[in-house]
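Hi,

Here is the structure I promised to pass on. Have a look at it first, and then read my notes below.

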Amino acid sequence: VTARTPLMAGNWKMNFNHLQSIAFVQKLAWTLKDVQHDFEQVEVAVFPPFTDIRSVQTIIQADKLELEYGAQDLSQHDSGAYTGDISGEFIRTLGARYALVGHSERRTIHGEDDEICRAKVNAALRHELVPVLCVGESLEEREASANPADVSIKQLKAGLADVTPGTEIVIAYEPVWAIGTGQVATAEQAQEVCAALRGALAEQLGEETAAATRILYGGSVKPGNVASIMREPDIDGALIGGASLSIEDFSSIIRYR
Ligand code: PEP
(Lines give C-alpha, C1' and ligand atoms only; values in the text may rest on other atoms or scores of the structure.)
Protein backbone atom coordinates (compact mmCIF):
# COMPACT_ATOMS: atom_id res chain seq x y z
CA VAL A 1 0.00 0.00 0.00
CA THR A 2 1.53 3.29 -1.08
CA ALA A 3 0.93 6.50 0.78
CA ARG A 4 -2.33 7.63 -0.82
CA THR A 5 -3.81 4.39 -2.14
CA PRO A 6 -7.57 5.02 -2.24
CA LEU A 7 -9.23 3.60 0.88
CA MET A 8 -12.83 2.40 0.88
CA ALA A 9 -13.82 1.96 4.51
CA GLY A 10 -17.14 0.47 5.60
CA ASN A 11 -18.39 1.59 9.01
CA TRP A 12 -20.95 -1.00 10.06
CA LYS A 13 -21.96 0.94 13.18
CA MET A 14 -24.11 -1.25 15.48
CA ASN A 15 -25.16 -3.68 12.74
CA PHE A 16 -24.36 -7.38 12.15
CA ASN A 17 -23.76 -9.84 14.97
CA HIS A 18 -20.67 -12.03 14.64
CA LEU A 19 -22.50 -14.69 12.60
CA GLN A 20 -23.81 -12.08 10.18
CA SER A 21 -20.34 -10.55 9.94
CA ILE A 22 -18.93 -13.91 8.82
CA ALA A 23 -21.56 -14.27 6.10
CA PHE A 24 -20.95 -10.72 4.92
CA VAL A 25 -17.17 -11.01 4.70
CA GLN A 26 -17.46 -14.32 2.87
CA LYS A 27 -19.64 -12.65 0.24
CA LEU A 28 -17.31 -9.68 0.07
CA ALA A 29 -14.48 -12.08 -0.77
CA TRP A 30 -15.86 -12.48 -4.31
CA THR A 31 -15.74 -8.76 -4.92
CA LEU A 32 -12.25 -8.49 -3.51
CA LYS A 33 -10.91 -11.22 -5.77
CA ASP A 34 -12.51 -9.49 -8.73
CA VAL A 35 -11.19 -6.08 -7.75
CA GLN A 36 -7.67 -7.40 -7.50
CA HIS A 37 -8.00 -8.36 -11.14
CA ASP A 38 -9.35 -5.00 -12.23
CA PHE A 39 -7.40 -2.63 -10.05
CA GLU A 40 -4.11 -2.90 -8.36
CA GLN A 41 -4.71 0.05 -6.18
CA VAL A 42 -7.67 0.18 -3.85
CA GLU A 43 -7.58 -0.72 -0.20
CA VAL A 44 -10.76 -2.00 1.39
CA ALA A 45 -11.42 -1.99 5.13
CA VAL A 46 -14.37 -2.82 7.35
CA PHE A 47 -15.14 -1.49 10.82
CA PRO A 48 -17.28 -4.11 12.58
CA PRO A 49 -18.63 -3.95 16.12
CA PHE A 50 -16.05 -5.11 18.70
CA THR A 51 -17.79 -8.46 19.18
CA ASP A 52 -17.34 -9.29 15.47
CA ILE A 53 -13.66 -8.49 15.11
CA ARG A 54 -12.35 -11.93 16.08
CA SER A 55 -14.69 -13.61 13.58
CA VAL A 56 -13.76 -11.20 10.81
CA GLN A 57 -10.08 -11.85 11.52
CA THR A 58 -10.62 -15.61 11.28
CA ILE A 59 -12.32 -15.42 7.87
CA ILE A 60 -9.72 -13.04 6.48
CA GLN A 61 -6.90 -15.33 7.61
CA ALA A 62 -8.58 -18.51 6.40
CA ASP A 63 -9.39 -17.10 2.95
CA LYS A 64 -6.22 -14.97 2.72
CA LEU A 65 -8.34 -11.94 1.86
CA GLU A 66 -6.87 -8.56 1.01
CA LEU A 67 -9.16 -6.88 3.48
CA GLU A 68 -8.16 -4.65 6.36
CA TYR A 69 -10.27 -4.03 9.42
CA GLY A 70 -10.49 -1.71 12.33
CA ALA A 71 -12.48 -0.82 15.40
CA GLN A 72 -15.19 1.84 15.52
CA ASP A 73 -13.76 3.29 18.73
CA LEU A 74 -11.16 2.56 21.41
CA SER A 75 -10.48 3.60 24.97
CA GLN A 76 -8.01 6.38 25.65
CA HIS A 77 -6.69 4.17 28.48
CA ASP A 78 -4.56 1.04 28.10
CA SER A 79 -6.07 -1.13 30.87
CA GLY A 80 -7.72 -0.88 34.27
CA ALA A 81 -11.01 -0.07 35.92
CA TYR A 82 -12.92 1.20 32.85
CA THR A 83 -15.98 -1.01 32.72
CA GLY A 84 -17.25 -1.56 29.20
CA ASP A 85 -14.26 0.01 27.47
CA ILE A 86 -11.93 -1.69 24.97
CA SER A 87 -8.19 -1.07 24.90
CA GLY A 88 -6.24 -0.37 21.73
CA GLU A 89 -3.97 -3.19 22.81
CA PHE A 90 -6.85 -5.70 22.60
CA ILE A 91 -7.80 -4.39 19.16
CA ARG A 92 -4.25 -4.55 17.86
CA THR A 93 -3.83 -8.08 19.23
CA LEU A 94 -6.76 -9.07 16.98
CA GLY A 95 -4.75 -7.94 13.96
CA ALA A 96 -6.72 -4.76 13.27
CA ARG A 97 -4.93 -2.00 11.39
CA TYR A 98 -7.23 0.95 12.13
CA ALA A 99 -9.38 2.59 14.79
CA LEU A 100 -11.97 5.27 14.15
CA VAL A 101 -11.68 8.22 16.51
CA GLY A 102 -14.27 10.91 17.05
CA HIS A 103 -17.00 9.68 14.74
CA SER A 104 -19.81 12.23 14.95
CA GLU A 105 -22.04 9.65 16.67
CA ARG A 106 -19.37 9.28 19.39
CA ARG A 107 -19.04 13.04 19.66
CA THR A 108 -22.78 13.69 19.92
CA ILE A 109 -24.24 10.59 21.61
CA HIS A 110 -21.30 9.90 23.92
CA GLY A 111 -20.13 13.47 24.44
CA GLU A 112 -16.60 12.90 23.15
CA ASP A 113 -14.88 16.26 22.85
CA ASP A 114 -11.62 17.26 21.18
CA GLU A 115 -9.59 16.44 24.31
CA ILE A 116 -10.94 12.88 24.40
CA CYS A 117 -10.30 12.52 20.67
CA ARG A 118 -6.73 13.71 21.17
CA ALA A 119 -6.22 11.09 23.92
CA LYS A 120 -7.77 8.39 21.72
CA VAL A 121 -5.56 9.29 18.74
CA ASN A 122 -2.57 8.95 21.07
CA ALA A 123 -3.86 5.63 22.44
CA ALA A 124 -4.28 4.24 18.91
CA LEU A 125 -0.74 5.24 17.99
CA ARG A 126 0.67 3.75 21.23
CA HIS A 127 -0.76 0.41 20.10
CA GLU A 128 0.34 0.67 16.46
CA LEU A 129 -3.16 1.28 15.16
CA VAL A 130 -3.68 3.90 12.48
CA PRO A 131 -6.21 6.41 13.84
CA VAL A 132 -8.93 7.49 11.43
CA LEU A 133 -9.83 10.86 12.91
CA CYS A 134 -13.34 11.93 11.93
CA VAL A 135 -14.11 15.62 11.69
CA GLY A 136 -17.01 17.64 10.31
CA GLU A 137 -19.49 20.40 10.94
CA SER A 138 -23.18 20.28 11.76
CA LEU A 139 -25.67 22.19 9.63
CA GLU A 140 -25.94 24.97 12.25
CA GLU A 141 -22.16 25.26 12.37
CA ARG A 142 -21.92 25.41 8.56
CA GLU A 143 -24.53 28.14 8.44
CA ALA A 144 -22.94 30.11 11.29
CA SER A 145 -19.35 30.17 10.07
CA ALA A 146 -17.79 32.16 7.27
CA ASN A 147 -15.65 29.22 6.21
CA PRO A 148 -17.25 25.74 6.09
CA ALA A 149 -13.87 24.20 6.95
CA ASP A 150 -13.43 26.06 10.26
CA VAL A 151 -14.99 23.41 12.52
CA SER A 152 -13.15 20.56 10.82
CA ILE A 153 -9.81 22.35 11.00
CA LYS A 154 -10.28 23.03 14.72
CA GLN A 155 -11.16 19.37 15.34
CA LEU A 156 -8.20 18.21 13.27
CA LYS A 157 -5.69 20.44 15.04
CA ALA A 158 -6.94 19.42 18.47
CA GLY A 159 -7.10 15.71 17.68
CA LEU A 160 -3.60 15.66 16.22
CA ALA A 161 -2.01 17.96 18.82
CA ASP A 162 0.52 15.35 19.95
CA VAL A 163 1.15 13.65 16.60
CA THR A 164 4.62 13.99 15.11
CA PRO A 165 5.48 14.53 11.43
CA GLY A 166 5.74 11.33 9.41
CA THR A 167 3.15 9.42 11.47
CA GLU A 168 0.55 7.50 9.46
CA ILE A 169 -2.92 8.77 10.18
CA VAL A 170 -6.14 8.99 8.16
CA ILE A 171 -8.59 11.89 8.26
CA ALA A 172 -12.28 11.45 7.45
CA TYR A 173 -14.24 14.57 6.61
CA GLU A 174 -17.83 13.78 7.47
CA PRO A 175 -20.21 16.74 7.47
CA VAL A 176 -22.73 15.77 10.16
CA TRP A 177 -25.65 16.95 8.03
CA ALA A 178 -24.72 14.41 5.35
CA ILE A 179 -24.40 11.33 7.59
CA GLY A 180 -27.24 8.88 7.21
CA THR A 181 -29.46 11.61 5.80
CA GLY A 182 -29.18 10.83 2.10
CA GLN A 183 -28.06 14.45 1.72
CA VAL A 184 -24.60 14.05 0.22
CA ALA A 185 -22.21 16.99 0.07
CA THR A 186 -21.47 17.91 -3.54
CA ALA A 187 -18.07 16.84 -4.79
CA GLU A 188 -17.09 20.54 -4.82
CA GLN A 189 -18.22 21.09 -1.22
CA ALA A 190 -16.31 18.00 -0.09
CA GLN A 191 -13.19 18.97 -2.05
CA GLU A 192 -13.22 22.49 -0.63
CA VAL A 193 -13.06 21.26 2.96
CA CYS A 194 -10.66 18.38 2.21
CA ALA A 195 -8.25 20.81 0.53
CA ALA A 196 -8.45 23.09 3.57
CA LEU A 197 -7.79 20.10 5.83
CA ARG A 198 -4.70 19.21 3.81
CA GLY A 199 -3.54 22.79 4.26
CA ALA A 200 -4.06 22.49 8.03
CA LEU A 201 -2.15 19.21 8.04
CA ALA A 202 0.73 20.92 6.25
CA GLU A 203 0.79 23.67 8.88
CA GLN A 204 0.73 21.20 11.74
CA LEU A 205 2.83 18.30 10.43
CA GLY A 206 4.67 19.68 7.40
CA GLU A 207 4.10 19.49 3.65
CA GLU A 208 5.52 16.01 3.28
CA THR A 209 3.20 14.41 5.81
CA ALA A 210 0.22 16.38 4.45
CA ALA A 211 0.95 15.16 0.91
CA ALA A 212 1.17 11.54 2.12
CA THR A 213 -1.95 11.52 4.33
CA ARG A 214 -5.23 10.08 3.09
CA ILE A 215 -8.31 12.24 3.55
CA LEU A 216 -11.61 10.41 3.14
CA TYR A 217 -15.06 11.84 2.54
CA GLY A 218 -18.00 10.36 4.40
CA GLY A 219 -21.71 11.16 4.34
CA SER A 220 -24.30 9.29 2.27
CA VAL A 221 -21.73 7.85 -0.15
CA LYS A 222 -23.55 5.55 -2.58
CA PRO A 223 -22.72 3.73 -5.83
CA GLY A 224 -24.20 6.64 -7.78
CA ASN A 225 -22.12 9.44 -6.26
CA VAL A 226 -18.80 7.81 -5.37
CA ALA A 227 -17.12 8.31 -8.75
CA SER A 228 -17.63 12.08 -8.82
CA ILE A 229 -16.39 12.38 -5.23
CA MET A 230 -13.32 10.27 -5.99
CA ARG A 231 -12.38 12.49 -8.93
CA GLU A 232 -11.56 15.34 -6.56
CA PRO A 233 -7.82 15.80 -6.02
CA ASP A 234 -7.84 15.98 -2.20
CA ILE A 235 -10.24 13.08 -1.61
CA ASP A 236 -8.47 9.75 -1.21
CA GLY A 237 -11.33 7.46 -0.37
CA ALA A 238 -14.62 7.19 1.42
CA LEU A 239 -15.99 6.25 4.82
CA ILE A 240 -19.26 4.54 4.10
CA GLY A 241 -22.02 3.86 6.61
CA GLY A 242 -25.41 2.69 5.34
CA ALA A 243 -24.21 1.55 1.91
CA SER A 244 -21.45 -0.61 3.45
CA LEU A 245 -24.14 -2.96 4.83
CA SER A 246 -25.26 -4.02 1.35
CA ILE A 247 -22.97 -6.34 -0.58
CA GLU A 248 -24.24 -4.96 -3.87
CA ASP A 249 -23.75 -1.32 -2.89
CA PHE A 250 -20.42 -1.77 -1.12
CA SER A 251 -19.09 -3.84 -4.02
CA SER A 252 -20.00 -1.22 -6.58
CA ILE A 253 -18.48 1.48 -4.41
CA ILE A 254 -15.23 -0.50 -4.27
CA ARG A 255 -15.34 -0.74 -8.08
CA TYR A 256 -16.01 2.97 -8.44
CA ARG A 257 -13.70 3.49 -11.39
C1 PEP B 1 -20.73 7.25 8.66
O2 PEP B 1 -21.38 6.94 9.62
O3 PEP B 1 -19.49 7.31 8.77
C4 PEP B 1 -21.42 7.55 7.40
C5 PEP B 1 -20.77 8.22 6.50
O6 PEP B 1 -22.72 7.10 7.26
P7 PEP B 1 -23.64 7.13 5.94
O8 PEP B 1 -22.77 6.66 4.79
O9 PEP B 1 -24.76 6.21 6.23
O10 PEP B 1 -24.05 8.55 5.74
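**What I found**

In this predicted model, eight strands form a closed barrel, running β1-β2-β3-β4-β5-β6-β7-β8 with parallel pairing. From one strand to the next, the twist averages 25 degrees.

To see one piece of that up close, take strand β3 (residues 68-71) and strand β4 (residues 98-101), which pair in the parallel sense over two bridges. Ala 71 sits opposite Ala 99 of β4 there.

The UniProt record, an unreviewed entry, lists His 103 and Glu 174 under "active site".

His 103 is in the loop between β4 and α4 (104-109). With 27 other C-beta atoms within 10 Å, His 103 counts as buried, because the cut-off for that is 20 or more. Leaving out residues up to four places away in sequence, His 103 touches Gln 72 and Cys 134.

Glu 174 is in the loop between β6 (170-173) and α8 (187-205). Is Glu 174 buried or exposed? It is buried, with 29 other C-beta atoms within 10 Å. Again leaving out residues up to four places away in sequence, Glu 174 touches Ser 104, Cys 134, Gly 136, Ile 179, Gly 218, Gly 219 and Leu 239.

Cheers

Notes:
Residues are numbered from 1 along each chain as its sequence is written. This is a predicted model: local features need pLDDT of at least 70, side-chain atom pairs count only at pLDDT 80 or more; totals for chains, interfaces and linings use all residues. Two strands pair if DSSP finds at least two bridges between them. Helices (H or I, at least four residues) and strands (E, at least two) are DSSP runs, numbered from the N terminus. Axes are lines fitted to C-alpha atoms, for helices over the stretch in contact, and angles run from 0 to 180 degrees between N-to-C directions. UniProt positions are given in the numbering used here, feature names are shortened, and annotations may be inferred rather than shown by experiment. A residue is buried if 20 or more other C-beta atoms lie within 10 Å of its own, exposed if 12 or fewer, and partly exposed in between; C-beta atoms are placed from the backbone. Two residues are in contact if their C-beta atoms, placed from the backbone, lie within 7 Å.
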